[in-house]
Amino acid sequence: MMVACTTAAVVSAAALMGAALLMGTPVSSVWWIVAGMTINGLAQALIIPSAQTLSMQEVPEHVAAPQQE
């Protein structure tokens, strides 16, 4: 999932660069920016929880969840 979502984030960056290059031309539209930002938002929404889960797997349990008094 991390590889697919990171790829989607790169695609969204390329789409936003393309939208920026198209500004001022007859084919420019705010919808190109909306498409790039939508892909970026979906990719980030899937990358962040996966990355947090992977990073927390290596944390010892007594550090991750301190004892309740």
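Before you click anything, a word on labels: a helix here is a DSSP run (H or I) of at least four residues, and helices are numbered from the N terminus. With that in hand, select S50, which sits in helix α2. Keep in mind that you're looking at a predicted model.

Is S50 buried or exposed? Its relative accessible area is 16%, and the cut-off for buried is under 20%, so S50 counts as buried. Show its side chain next: that side chain reaches the backbone oxygen of L46 at 3.0 Å. Now bring up M1 and M2, both in contact with S50 once you set aside its neighbours within four places in sequence.

Zoom out and select residues 30-56, the whole of α2. The helix has 27 residues and spans 39 Å from its first C-alpha to its last, close to the 39 Å expected at 1.5 Å a residue. Colour G36, A43, I47 and S50, which are buried. What do the buried residues of α2 pack against? Select 2-22 and you'll see the partner, α1.

With a relative accessible area of 35%, V34 is partly exposed.

How values were computed:
Residues numbered from 1 in each chain as written. Predicted model: local features only at pLDDT ≥ 70, side-chain atom pairs only at ≥ 80, totals over all residues. Heavy atoms only, no water. Helix = DSSP H or I, 4+ residues; strand = E, 2+ residues; numbered from the N terminus. Buried < 20%, exposed > 50% of the residue type's maximum accessible area, 1.4 Å probe, protein only. Expected span 1.5 Å × (residues − 1). Contact = heavy atoms within 4.5 Å. Polar contact = N/O pair within 3.5 Å; in protein donor to acceptor, adjacent residues only side chain to side chain.
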